[in-house]
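I opened the model to look up a few local features and set down what I found. The entries follow the order in which I consulted them.

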Amino acid sequence: MPGGEISKFLKHHFRHFNAATLVEAAEAYRAHLEQGGVMMVTLAGAMSTAELGLSLAEMIRQDKVQAISCTGANLEEDLFNLVAHNHYERIPNWRELTAQDEQRLLERHLNRVTDTCIPEMEAMRRLEAALLEEWEAADRAGERYFPHEFLYRIIRSGKLEPYYQIDPKDSWMVAAAEKNLPIVVPGWEDSTTGNMYAGHCLNGHIKNVHTVRTGIEYMMMLAEWYVETSKQHSIGFFQIGGGIAGDFPICVVPMLHQDMQRPDIPVWGYFCQISDSTTSYGSYSGAVPNEKITWGKLAVDTPKFIIESDASIVAPLIFALVLGW
């Protein structure tokens, strides 16, 4: 596998245990694409606040990612960082904060995610103003769009460009909008912008609560995409973290098989999960890949990898290998 200095380092030093699996998963990712496959990447946690866009955006631009499933938080937090990066504050000693320290951050309108504080006014309210314009315009016109489609409209309109504080090439949402990448956002209601939307519906600014399309409609859209895409390509599944961002989209295959009686639909053709969840009894995030065979999500011969480590460390390294950095 050719590559730059990062790839050479990883291949030389990452020889055993989770490190070896990282390299093997990246090689299988590349092989899947080279054989004509496509890849869905799923984003749990706060990967956008971890600035995964620094590598994920290039993955999207180079057609190494064909679809994304993510939480509403990851969707919006990439744009929060885009328009308010200079106002973020990093807290290196976050483990030592007292309850009083946390209260002082709140009073300064700084919302903490581990070591990183998101500024409410410059990030959240700035995006809210642009979103509300789009929500109200669609509501008046009787139009309905998915959460990611509203953000694509804002990006393409240029409304946020005066506020850009990072190079837009490092925003995975900007790259996705340029490619019109299919995105699935299960549980979008559990996000800052989802809460904002509920508030604007409650106060009457938005008359039709269904102006933003729903999670069930996302599953229907995903099913249509999967059926059409799988006619020509094997579809891989690269899962960062666990939770709804991963469990929702992977279930499209058993739904098609069992609920729609479509046994002709192929299962996922590659699977990799980066997880620090303890392998356990009952949790989705802690389930080993083979368990997914029993649910009709993966086949016996599907290439399967699980890397038990921190996704904020592992994902950029795998992307570097796939990109040949």
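Predicted model: local features only at pLDDT ≥ 70, side-chain atom pairs only at ≥ 80, totals over all residues.

I looked up the strand order and found an open sheet of three strands, arranged E3-E5-E4 with antiparallel pairing. Strand E3 (89-90) and E4 stand at the edges, each with a single partner strand, so one side of each has no neighbour in the sheet.

I then went through the pairings. Strand E4, residues 110-113, and strand E5, residues 116-119, are joined by four bridges in the antiparallel sense. In this pair I found Leu110 opposite Pro119 of E5. E3 and E5 are also antiparallel, over two bridges, and Glu89 has Cys117 in E5 as its bridge partner.

Is Ser69 buried or exposed? I noted that Ser69 lies in strand E2, residues 67-70. Its relative accessibility is 0%, and it therefore counts as buried, the cut-off being under 20%. Beyond its neighbours within four places in sequence, Ser69 is in contact with Met40, Val41, Thr42, Leu43, Val184, Pro186, Ala245 and Pro249.

I located Ser285 in the loop between strand E8 (270-274) and strand E9 (304-307). Which residues does Ser285 contact, leaving aside its neighbours within four places in sequence? I found Gly242, Gly243, Gln273, Ser275 and Ser277. For Gln273 I also looked up the separation: Ser285 and Gln273 are 12 residues apart in sequence, and their C-alpha atoms are 9.0 Å apart.

I compared the span of H13, residues 311-323, with expectation. At 1.5 Å a residue its 13 residues should span 18 Å, and the end C-alpha atoms are 17 Å apart, which agrees. The expected figure rests on 1.5 Å times one less than the number of residues.

I then listed the buried residues of H13: Ala311, Val314, Ala315, Ile318, Phe319, Ala320, Leu321, Val322 and Leu323. In an α-helix, residues three or four places apart point the same way, because there are 3.6 residues a turn. Against what do the buried residues of H13 pack? Their partners are helix H1 (5-13), helix H2 (17-34), helix H3 (53-61), strand E7 (235-240), E8 and E9.

Conventions
Residues numbered from 1 in each chain as written. Heavy atoms only, no water. Pairing = 2+ DSSP bridges. Contact = heavy atoms within 4.5 Å. Buried < 20%, exposed > 50% of the residue type's maximum accessible area, 1.4 Å probe, protein only.
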